[in-house]
Amino acid sequence: MADPFPEVRPNRLWGLSRLVPHLALFAAIIALWEVSVRAGLITSIMIPRPSAIGAAIVDLYFVTGTIWPHFFVTLTEAVVGFLIGAGIAIALAVGSSLSDPFKRYVTPYAIVLNVTPGIALTPIIIAWFGFGMGSKMALAAVISFFPIFVNTLTGLTQPDGEREELFRSLGASHVQIFWKLRVPSALPLMFAGLKIGLTTALIGAVVAEFAQATHGVGVLMNRFSFQLNMGASIATLLSMTLIGLILFYTMEFLDDRTVFWRREERRAAASRARARAWKRRTGK
Amino acid sequence: MAATAISRGMPRSGMSTGMRRILTHGGIFVALILAWEVGARTGFLDPLFFPKPSAILASFWRIYFVQGNIWYHLYVSLGLVFAGFAAGSILGIALGSLVGFNSLVRRFIKPYVIVLEATPRIAVAPLLIAALGFGAQSKIAIIMLVCFFAPFINTLSGVVNVNEEKLELFKSLGASKMQILRKLVLPEAVPVIMAGERLALTAALSGVLVAEFIQRDQGIGSLILVYTRNLNMASAFACIFTLTIVGFLIFKGMEILDRRIAFWNHEDGMARVGALRKGRWAKQAEA
Amino acid sequence: MGQATAAQVSEAVVSGSSVGKTFANGTVVALDDANFSIEKGSFISLVGPSGCGKSTLLRLIAGLIEPTSGALHLHGTRVDGPRQDVAMMFQRATLLEWRTAVENVLLPTEMRGKVTSADRDRAMELLKLVGLGDFAFSFPAQLSGGMQQRVALARLLQTGADVLLLDEPFGALDEFTRERLNIELLRIVGEIGATTIFVTHNISEAIFLADQVYVMTPRPGRIARVIDVPLARPRELSVQLSPEFNHLVEEARVTLGAL
């Protein structure tokens, strides 16, 4: 996907000198916002005061702790739905990459699934899987399927003529070529697909909660919005952001560790680890 | 390897491999549909999960031609989709370019973009509906919101990631900022922007559906909801397949648009524009 | 240069009789009626412009493709697929970026079965031989182009094959690195007594390295001429300035119609 911040690598937002201007800007924005609302420049019905949002956050998280069960419900729905969707997607992609007929049979159905807006299936999925967490996981799985499928398949079938020739010249079997060449070179693309899939799984879980649910941050969002409790609504929205960030950075971490050879710091660490392992094995 | 490839490609007498494949696929599909029909009729398959294909077809007939109620709902939903898409994506492109050219803003905006990216933007729907009230205005607001992000990010990226060497070339030729913008940055950014637009249009379609699920007034989302509530699964499926067709048309439409606009990435596009320019050149030479 | 005689065939390590290769149902004649016989321990260069069939010939010897006509023999037996007594090195290093240098060198051994500690020692020794002993645990992305090709060379030697095929292995590198690596290559193959076939489009390089140069011409691809290179070994870079050398270059150029 597009990279809009090419110069800011890596994400060293942690250095204090870097952090201060950002914090200052943030504080300024919040202050300006608070003042504008109090002075009546912005109607507080649509856009609440930051202090109201802050109060709601404190209340929901620490005082009443209302949000915690809902937080974990949505998190679980997104993760489990993602795992199901990813499992099926990867299995089908692997099958398609190994067998041409399989690929030809699966692809039309995958394309149909792709062009249909998965969200449209929400009422049907709720009718099928009920009002509980199951339907949310199902929708999450359905929506996250395609990006993972297409990325994994592209990764596994990307043309790699020279290296394939190398393996063949060494007398490698198909199995060896698959595991030692195709799979590792597919990992970067696969992880790109997984990242997209995880984000869409969260969307699926939340949308299903909007339609019909008793627990989850989507439910809270609905409730607070229609009570016109804007502070709490936005606090809930920020909770969704938090879930999204947790999911995103978890996937980033996995990506970083698995596809270690793409980043300089990881390469150096991996080099050292391999050297140590070698010494242990050969005693030299 | 080449030898086996040659021997494998021997066509059987009669039809080409392409034709045979289509027939095989078609045959399997028809067989599945028949099995489904039989299964549903004999009660083997639960009608809730597997409405009879014949019932689905009957629904198609009914909602498209007999009652014709789907046309209105399609019109309503798609109208909102395109209105919101146009507004939201243009805003995204405009802001994306502005931020792209301003390195100071770009520096500070990164954390907010990350936060925005992690948030499921569609989740703001109830908020907007509560704030702006039921009706088309909140639906359009939701669509604009979901349509904004991808074009914004992609335009920003396209503007920022201009090829270094080409930039050096332009500077060495003494190009002004305006010239660099018009003749280098914009054309270079076009493919990425197109990709962002494609994502936005898909998001718009999802956006209108979510809005309609919540508001439950009109539009194809509401239709699906109502049919499902009444356990009229056949009609619900008919609506879903309608959306599949809509989605497919959008997909193809974007592809055609991409071929025309970013012609230099496609063989036939280059051939077409090449001939066009050749003609134009000849005319200029005559004048 | 003519047909291989029976006596020569029995001595020859690599030989081909009337080898032809066509693609696209016979419309593209990549190689036409190639006859050759290569003695053990010799260094052969294949030189010619694009489309002369040099890479095709190399792949035929490697067993990666089958001839449309004629046959190739390696160590007396017919070539009908990749085999363990011949190994190939490609123009791009084709290292696996997720493996360290030494793990890349061990790839051939892995393909054939379990990796023993003897194999590991050998891999390390080969890396030292190509001058990369200190970089055994570096990843390809941490190595320069020249270093990557040296790892590929070590991997080539790890196969234990005594017939080495190299397809413009240093073509993507700058001239200075290329010359250095060529000298390294000559030293190494001389030490282990390998039979080497080297493809290049650079006439000077071809003559500098080889005992015999097969000058190939395109459309259809064929071996137009075999030029013997009786220059003394070990070869010094300065030999390229000698009149004998330039006479050989002239011969090659005339054959290629480039003079």
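Me: Two residues are in contact if their C-beta atoms, placed from the backbone, lie within 7 Å. With that rule applied to this predicted model, against which helices do the buried residues of α5(A) pack?

Reply: A residue is buried if 20 or more other C-beta atoms lie within 10 Å of its own. In helix α5 of chain A, residues 122-129, the buried residues are T122(A), P123(A), I124(A), I125(A) and I126(A). Within chain A they pack against α6 (133-157) and α8 (174-211). From chain B, the partners are α9 (177-215), α10 (220-229) and α11 (233-261).

Me: What follows α5(A) in the backbone?

Reply: Just after this helix, G130(A) takes a positive phi of about 85°.

Me: How many helices and strands does chain A have?

Reply: An α-helix has 3.6 residues a turn, so residues three or four places apart point the same way. Chain A has eleven helices and zero strands, and its elements accordingly read as α from the N terminus on. Buried residues account for 38% of the 284 residues in chain A.

Me: What radius of gyration does chain A have, and what would a compact globule of 284 residues have?

Reply: The value for chain A is 24 Å, whereas a compact globule of that length would be near 19 Å. Along its principal axes, the C-alpha trace of chain A spans about 75 × 55 × 35 Å. As to sequence separation, 74% of the contacts in chain A between residues at least 6 apart join residues at least 24 apart.

Me: How many residues of chain C are in contact with chain A?

Reply: There, 24 residues of chain C meet 17 residues of chain A. On the side of chain C, β6 (86-89), α4 (107-112) and α5 (117-129) each give two or more residues, and α4(C) gives the most, with four. That side of chain C divides into 14 nonpolar, six polar and four charged residues.

Me: Which domains does the assignment give for chain C?

Reply: The assignment gives domain 1 (1-85 + 163-259) and domain 2 (92-160) of chain C. Their C-alpha centres lie 25 Å apart. The contact between them takes nine residues from domain 1 and seven from domain 2. On the domain 1 side, helix α7 (residues 175-192) of chain C gives the most, with four residues.

Me: Which residues have the most contacts inside the largest nonpolar core?

Reply: A nonpolar core is a set of buried nonpolar side chains joined through C-beta atoms within 7 Å. The largest has 124 residues, and those with the most contacts inside it are V207(A), A125(B), I143(B), A204(B) and V210(B). Leaving aside neighbours within four places in sequence, V210(B) is in contact with I119(A), V207(A), F210(A), I122(B), A125(B) and I142(B). Apart from this core lies another, of 79 residues, among them A30(C), F139(C), V189(C) and F208(C).

Note on methods:
Residues are numbered from 1 along each chain as its sequence is written. Chains are lettered from A and ligands numbered from 1 in the order in which they are written. This is a predicted model: local features need pLDDT of at least 70, side-chain atom pairs count only at pLDDT 80 or more; totals for chains, interfaces and linings use all residues. The radius of gyration is taken over C-alpha atoms; the globule rule is 2.2 Å times the number of residues to the power 0.38. A residue is buried if 20 or more other C-beta atoms lie within 10 Å of its own, exposed if 12 or fewer, and partly exposed in between; C-beta atoms are placed from the backbone. Ala, Val, Leu, Ile, Met, Phe, Trp, Tyr, Cys and Pro count as nonpolar, Asp, Glu, Lys and Arg as charged, and the others, Gly among them, as polar. Domain bounds come from an automatic or database domain assignment.
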